Amino acid sequence: MKRALAAAFSMAVSMAVLAAVPDVACAQDGPVMKRIAETKIITIGHRDASVPLSYLGPDGKVQGYSIDICLKIADAAKEELKLDKIDVKFVPLNPQTRIPLITAGTVDMICETSTHTLGRLRQVSFLNITFLTGSKLLVRKSSGIKRIEDLTDKVLVAVLGGTNERAAQVEIDTKKIKIKGEMLKVKDNAQAMLNLEQGRADAFTSDDVVLFGLKSASKNPDEWEVVGPYFSYDPYGMMIPRNNDDFRLLGNKTITRLIQSGAMEAIYKKWFEPGPTKINYPMSDRLRENFQLIALPD
């Protein structure tokens with residue numbers, strides 16, 4: 001009897017404490033939504049040349065598949081917070097600066113070609129996966145290169161700090177491929193493409209969708225080809241700061257609504273089938289299955 005009374009008393013005390021703290025349900029709310037509510041601004045990190053996911057168009061404006069999804073999330077934040085307006089501020093970044101920018105609170109969301117990895121989860125959070133790709137090579141058609149094993153005595157360029165750089169190095173070490181010198185590492189996709197075009201590199205490794213995008217946007221698309229089997233798997237998600245459960249829920253809910261309504265497929269077709277640069281990259285069965293899996297019911 002005493003134990004039962006003690007248990008009942010303990011439960012009553014706990015309920016009283018919860019009742020006295022009406023904001024307990026908001027305990028996991030993070031600074032991003034609060035910052036958006038106070039400033040009426042959402043800050044989006046973007047890339048200049050990740051065609052067609054996140055890049056600068058001919059008019060110099062930020063655009064792309066990832067950008068369109070993030071703009072829908074911005075609209076959802078405006079509605080959720082009952083704001084009369086929301087302004088979008090774009091901040092350029094690259095693989096070396098994106099995580100520092102998000103951990104410092106400089107950007108609220110990174111909308112480009114960020115691969116969702118366990119290592120990165122130590123520093124940032126991700127929204128649900130919105131694209132699936134993997135590492136391949138971009139080369140001149142006349143190069144004779146068809147796979148990474150063909151890079152003996154060839155110069156390979158990669159963007160510093162990306163998953164493709166690490167994946168290529170693992171392949172080189174594991175298969176004992178004797179490339180020419182060390183892998184050439186550059187700041188961003190534009191620099192990598194420039195090295196390729198000017199003959200300072202024989203192959204550029206990146207996610208195949210990025211390579212197809214750069215090829216389609218180049219001066220002479222027919223000069224280039226994307227080759228080789230995949231040697232890494234790269235699922236893309238939007239990076240957001242850690243400890244922002246409310247913002248992550250808002251983002252994932254928006255992605256789900258886009259999938260369920262058919263808007264996600266329309267956004268995809270806009271940028272990839274064939275897209276402004278004629279990339280002509282149809283949606284894969286794997287990506288369709290991914291969308292089915294993440295379109296959670298209410």
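Predicted model: local features only at pLDDT ≥ 70, side-chain atom pairs only at ≥ 80, totals over all residues.
Both Phe131 and Phe272 are buried, where buried stands for under 20% relative accessible area, exposed for over 50% and partly exposed for what lies in between (1.4 Å probe, protein chains only). Residues are numbered from 1 along each chain as its sequence is written, and side-chain values use heavy atoms, with hydrogens and water left out.

Aromatic rings come next. A pair of aromatic rings is described by the distance of the centres and the angle of the planes. Here rings of Phe, Tyr and Trp (its six-membered ring) are paired if their centres lie within 6.5 Å; planes under 30 degrees apart are called stacked, over 60 edge-to-face, and the rest tilted. By this rule there are 11 aromatic pairs. One of them is the stacked pair of Phe131 and Tyr236, with 5.7 Å from centre to centre and 25° between the planes. Phe131 sits in strand E8 (residues 131-133) and Tyr236 in strand E14 (residues 234-236), so that this pair links distant parts of the chain, 105 residues apart. Helices (H or I, at least four residues) and strands (E, at least two) are DSSP runs, numbered from the N terminus. The relative accessible area of Phe131 is 1%, which makes this residue buried, and Tyr236 is likewise buried at 1%. Phe131 also pairs with Phe272: the ring centres are 5.3 Å apart and the planes lie at 25°, so this pair is stacked. It again links distant parts of the chain, with Phe131 in strand E8 and Phe272 in helix H9, 141 residues apart. Ring pairs join Tyr65, Phe131, Phe212, Tyr236, Tyr268, Phe272 and Tyr281 into a cluster.

Helix H9 leads on to helix packing. Two packed helices are described by the angle between their axes and the distance between the axes. The axes are lines fitted to C-alpha atoms, for helices over the stretch in contact, and angles run from 0 to 180 degrees between N-to-C directions. For helix H8 (residues 245-261) and helix H9 (residues 263-272), the axes come within 4 Å and cross at roughly 85°. H8 and H9 are therefore roughly perpendicular to each other; angles under 35 degrees are termed roughly parallel, over 145 roughly antiparallel, 65 to 115 roughly perpendicular and the rest oblique. Ile255, Leu258, Ile259 and Ser261 of H8 make the contact with Ala263, Met264 and Ile267 of H9, contact being heavy atoms within 4.5 Å. By class, this contact has six nonpolar, one polar and no charged residues, with Ala, Val, Leu, Ile, Met, Phe, Trp, Tyr, Cys and Pro taken as nonpolar, Asp, Glu, Lys and Arg as charged, and the others, Gly among them, as polar.

H8 also meets helix H2 (residues 31-39), and the axes of H2 and H8 come within 6 Å and cross at roughly 80°. Val32, Met33 and Ile36 in H2 touch Asp246, Phe247 and Leu250 in H8. By class, the contact of H2 with H8 has five nonpolar, no polar and one charged residues. Helix H7 (residues 208-217) is mostly covered, with eight of its 10 residues buried; among them are Asp208 and Lys215.

What about cysteines? A disulfide is a pair of cysteine sulfur atoms within 2.5 Å, and by this rule the count is one. Cys70 and Cys111 form a disulfide with their sulfur atoms 2.0 Å apart. The torsion about the S-S bond is about -105°, so the disulfide of Cys70 and Cys111 is left-handed. Cys70 belongs to helix H3 (residues 65-80) and Cys111 to the loop between strand E6 (109-110) and strand E7 (124-126), so the pair ties together parts that are 41 residues apart in sequence. Cys70 is buried at 0% relative accessible area, and Cys111 is buried at 0% as well.

The backbone has a few features of its own. Most residues other than glycine have a negative phi, and most peptide bonds are trans. A cis peptide bond joins Val51 and Pro52, with omega about -5°, and another cis bond joins Glu273 and Pro274, with omega about 0°. Lys278 has a positive phi of about 60° and is exposed, with a relative accessible area of 60%.
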